[in-house]
Each structure stands twice: as structure tokens, then as C-alpha cells.
Amino acid sequence: MAKFLKVSFPENCIGCELCVAETQRQMQKVGLDGALIRVFKDRKDNSDVIVFSIELDPRVNSIDIEKIIEICPTKVFTVEDKEDENGLTG
Amino acid sequence: MGSPAKKVLYIDLGKKTSHVKSDTELQKFIGGVGTGIKLLADNFDTDPVIFSVGPLSGYFPYCSKTSVVTNDNGVIEDLYIGGSLSSRIKFTGMDSIVVHGKSPVPLTLDITDESVVFRDTETELGSLGLPGKRSIMYYDAEERSFLVDKYFAPPESILEKKLLGKNLRNMVVTGSKTYSIKNPEKYGEIFSKLLKQTDMLSVEKGTNPSCTGCPMGCHRSKIGEIGGNVLTHSLVACTFAERIYSDIGTTFSCLSVLGYDYTHEDIENFPELIKKVLEGLG
């Protein structure tokens, strides 16, 4: 069964962007352009609390997603089994 | 070397002009506080505020800080701010941004790679740059401080005094450049090794917003740094990673895999080089 990367615990994200760097490194580049993961930050309800949201490009599943899970220091991601042809990621 | 020259973006707030200059002389100053101090010496009369990143910024873990060098009433200050600013500056393709002059009205700088747009402060900051590829530094009147990513602040009040004195209120930096890696296998090996060396950091893991490229989420990086080890801060690594990056062998390996041809002697003699430039500044 095909595996896909899922953002299961976005509330754990600390915004380090090591996942972004990992995807780029697997594509043998450094930078943010064309990254298969994007991390956005904002303040929660105008409070002082910073929250992060993570967007996955479905093409991220074509690279080694186990390494993305491994590099995340706060375990934001999980690997799920793809249940159908139109299974959503992220 | 990885690049034959440092690229510097000069921004004149008074004339609302900007230009990029490639400077081969800066290469021996490595980056960060090194290039910042040299640029301050070269542009002293314009009273600049100089933002710099280092050769390892955006490439290696814990090289997450942005160096700011300026003259504060005769005292040369080097400050360091966390967050995503350093990686975004790196991905503009610039090594330093030199801000000088004074705007007659409050301004927002909207920087994308080599391009600078001067905007009024009414412009919604969220409408500028490219989300995910930008870093926003703005003056938060409530906190009475500049903030990067709505969280990371510079130490003390030197930056506020200098930038508000120049009528610069906000700076949005978007970096859209990517760089290929010449030796991806070796680069990945060094990256992984350094990332595992969290026991050599002088901070504990936490759940706070983290600087780009750092897994620690520590509580200390909210407020930046001032002064410290010139080699660490030329890279521009976090002071809490000083045990890692003050090791010349480690630094040499990182620079070498990126294609820089600094020698061990260049790195060992670097503090003396900085000292001479500072002596020249009086």
C-alpha cells in the first residue's frame, strides 16, 4: 500500500524549517523556492502565542518521507497508508 | 571559493535608491560580524546599519542568526537576531544589506532578492513578499522593540534607536534563490552529524518558536545576542552553538564542502584581522 506524509500534529511545530531543508536537500538544493513543504507563522488570535501551519505539496510523497519524519524535532508528521486513489495529503 | 565575491545590497533611505555591489575584498572577512565591521569601516561616514549573514547561513544547523553592526555614538556594536531573517537574506543572494541615510517619512522596505521597493507604513505587511519565503521585521510599538517573525527581538535598544532614527519602521525580506550542492553526499553527512550534536549546545530543548535551522525551540533565542566570539559570529552561528562552531576543524569542513577555499590559517588569523579593522576605526 502506498504511503503518504501527513501533518498530524501541527500544534507541535516550532517553525525550525528543518523539514523544508530536508526536502530541498533530497532534491540536491538549498533554498525555499520550489520547496515541497512550506511553513507559515502567525499569532494566535492576536495574542503573543505564535502558531505555525504547514502546507504539503502532494509531490512530497515521491521523495523519502521517512527522512522528513526523522528530522522533525517535535514529531509533527506521520506516515499514513494511502487508502484510495484520491487520498488527501496534509 | 564558493563565491568569488560578497554581494552587498546598499539602500539609501534618504534618496530612496538601492544598488548591489560585488566586493572581492570582503571575502577574507568570512561573513557576519566580519563583513559587517569591514563594511562599517568602508562606509563609516554614512552612519550605516549593516545586516549580514555568513557562508554557512541557510546551509547548516544553528547558523541561524543575523548579524547587525552599527556605530552607536562611537561604540561599535554587533548584535544578533534570531528567527528566519538570516535564511531569507541568504536566499536573496546577498551577503549583507547596508542601510544608510534617513527618510523624511516613516518607511517600509520591501526587499525581494536584489529588488528594493520603498513603501509607506500604511501598506499591510502581510501583503508584501511571498509567504513561506519571507521574513518580516517590524517595529512593535507595544513591545517597544523591533520583532522578527512576530517573536524574535534584538537585544537592548540599539537597533530601535538607529532604525527609528532613520525612519525605517519595517523590513520585509523575500529570498527566492536556490543553490545547488556540489558534493551532496558529504554535505548531507556533515549536516546530519552537526544536527545530532545537540548535547554540545548550551541551551535546553523547549517548545518555543525556533530559529530557522535549529531544532531546539529554546527560550533564550527570543531575545538576541550582543558581542561574543568573532569566528562563531562571522558564520553567523548562534552563541549557544559556540562549542560546535568555535572548533576550527568543524568550521573548515563546513566551508570546504560548500566550495570555499579558506585555509586553516585564514580561519585562525581571522580574529586578528578583525582586530586590525577595529583599531583603524579608532
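Chain A of this predicted model contains two helices and five strands; helices (H or I, at least four residues) and strands (E, at least two) are DSSP runs, numbered from the N terminus. Along its sequence, the elements of chain A follow the pattern β-α-β-β-β-α-β. Local features are reported at pLDDT of at least 70, side-chain atom pairs count only at pLDDT 80 or more, and totals for chains, interfaces and linings use all residues. Residues are numbered from 1 along each chain as its sequence is written, while chains are lettered from A and ligands numbered from 1 in the order in which they are written.

**Overall form of chain A**

The C-alpha atoms of chain A fill a box of roughly 40 × 30 × 20 Å along the principal axes. Of the 90 residues of chain A, 36% count as buried. A residue is buried if 20 or more other C-beta atoms, placed from the backbone, lie within 10 Å of its own.

**The sheet of chain B**

In chain B, five strands form an open sheet in the order β8-β7-β11-β9-β10, with mixed pairing. Two strands pair if DSSP finds at least two bridges between them. Strands β8 and β10 of chain B stand at the edges with a single partner strand each, so one side of each is left without a neighbour in the sheet. From one strand to the next, the twist averages 15 degrees; axes are lines fitted to C-alpha atoms, for helices over the stretch in contact, and angles run from 0 to 180 degrees between N-to-C directions.

| Strand | Partner | Bridges |
|---|---|---|
| β7(B), residues 107-112 | β8(B), residues 115-120 | six bridges |
| β9(B), residues 134-140 | β11(B) | five bridges |
| β2(A), residues 29-31 | β12(B) | three bridges |

Within these pairs, Asp110(B) stands opposite Val117(B) in β8(B), and Met137(B) stands opposite Met171(B) in β11(B). The hairpin of β7(B) and β8(B) has two residues between the strands, and Asp113(B) there takes a positive phi near 50 degrees.

**Helix α3 of chain B**

Helix α3(B) packs on the sheet, touching β9, β10 and β11 of chain B, and its direction makes about 95 degrees with that of β10(B). The buried residues of this helix, which spans residues 158-165, are Leu159(B), Lys162(B) and Leu163(B). They cover an arc of only 90 degrees around the axis, which puts them on the same side of α3(B); the arc is that of the directions from the helix axis to the C-beta atoms. Their cover includes β3, β4, β5, β10 and β11 of chain B. Just after the helix, Asn167(B) takes a positive phi of about 65 degrees.

**Where the chains meet**

In total, 27 residues of chain B are in contact with 21 residues of chain A; contact requires C-beta atoms, placed from the backbone, within 7 Å. On the side of chain B that touches chain A, β12 (178-180) and α4 (184-195) each supply at least two residues, and β12(B) gives the most, with three. Thr178(B) in β12(B) is the bridge partner of Gly31(A).

Terms used: Contact = placed C-beta atoms within 7 Å. Buried ≥ 20, exposed ≤ 12 C-beta atoms within 10 Å, placed from the backbone.
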